[in-house]
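Please keep the sequence and the model in view while reading.

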Amino acid sequence: MLIDVRTEEEFTQAHHETAVHIPLDTMQQADLPCGKDEHIILHCRSGARAQAAKEILESRGYTNVTLKDGTGAY
């Protein structure tokens, strides 16, 4: 699962066609449509928000979370 953690405005401007949009500021309460052991790939523009989201998800028990390079090309 590919999760885009950017803001609504950034996501609306451009995003990967298969990305699920879950902004970083909602990640703590978000109900993810996957199991805690499924592979989750997080991305944002530069990687900083994706790293923060990774830490949140790991603290919630998600075990297979990785980061994708920033979306600067979007």
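## Salt bridges

Three salt bridges are present in the structure, which is a predicted model. One of them joins Arg6 to Asp4, with 2.7 Å between the closest N and O atoms. Both Arg6 and Asp4 are buried.

Another salt bridge links the side chains of Arg49 and Glu10, with an N to O distance of 2.7 Å. Arg49 belongs to helix α2 (residues 48-59) and Glu10 to helix α1 (residues 8-13), so this pair ties together parts that lie 39 residues apart in sequence. Arg49 is partly exposed, at 22% relative accessibility, whereas Glu10, at 18%, counts as buried.

Lys54 and Glu58 also form a salt bridge, and their closest N and O atoms are 2.7 Å apart. These two residues are four residues apart in helix α2, and about one helical turn separates them. As a general rule, an α-helix has 3.6 residues a turn, so residues three or four places apart point the same way. Lys54 is buried, with a relative accessible area of 18%, while Glu58 is partly exposed at 39%.

## Helix α2

Helix α2 consists of twelve residues and spans 17 Å from its first C-alpha to its last, close to the expected 16 Å. Which residues of α2 are buried? They are Ala50, Ala53, Lys54, Ile56 and Leu57. These residues lie on the same side of α2, because they cover an arc of only 165° around the axis.

The cover over the buried residues of α2 includes the strands β3 (40-43) and β4 (65-67). On the face turned away from the buried side, α2 carries the exposed residues Ala48 and Ser59. Just after the helix, Gly61 adopts a positive phi of about 100°.

In soluble globular proteins, nonpolar side chains tend to be buried together. The largest nonpolar core in this model has 16 residues, and those touching the most other members are Ile3, Val5, Met27, Leu32, Ile40, Leu42 and Leu57. The largest share comes from α2, which supplies four residues.

What does Val5 touch, leaving aside residues up to four places away in sequence? Its contacts are Ile22, Pro23, Leu24, Met27, Leu42, His43, Cys44, Arg49, Ala50 and Ala53. Among these, Met27 and Leu42 are also listed with Val5 as core residues that touch the most other members. Ala50 and Ala53 are among the buried residues of α2, and Arg49 is the α2 residue that pairs with Glu10 of α1.

## Cysteines

How many disulfides does the structure contain? The count is zero. A disulfide requires two cysteine sulfur atoms within 2.5 Å. For Cys34, the nearest cysteine sulfur is that of Cys44, 18 Å away, and Cys34 is in no disulfide. Cys44 is likewise in no disulfide, its nearest cysteine sulfur being that of Cys34.

Are these cysteines buried or exposed? Cys34 is buried, with a relative accessible area of 12%. Cys44 is also buried, with a relative accessible area of 0%, and this residue is one of the contacts of Val5.

Technical notes
Residues numbered from 1 in each chain as written. Predicted model: local features only at pLDDT ≥ 70, side-chain atom pairs only at ≥ 80, totals over all residues. Heavy atoms only, no water. Salt bridge = Lys/Arg side-chain N within 4 Å of Asp/Glu carboxyl O. Buried < 20%, exposed > 50% of the residue type's maximum accessible area, 1.4 Å probe, protein only. Expected span 1.5 Å × (residues − 1). Arc of directions from axis to C-beta. Contact = heavy atoms within 4.5 Å. Core = buried A, V, L, I, M, F, W, Y, C linked by side-chain atoms within 4.5 Å.
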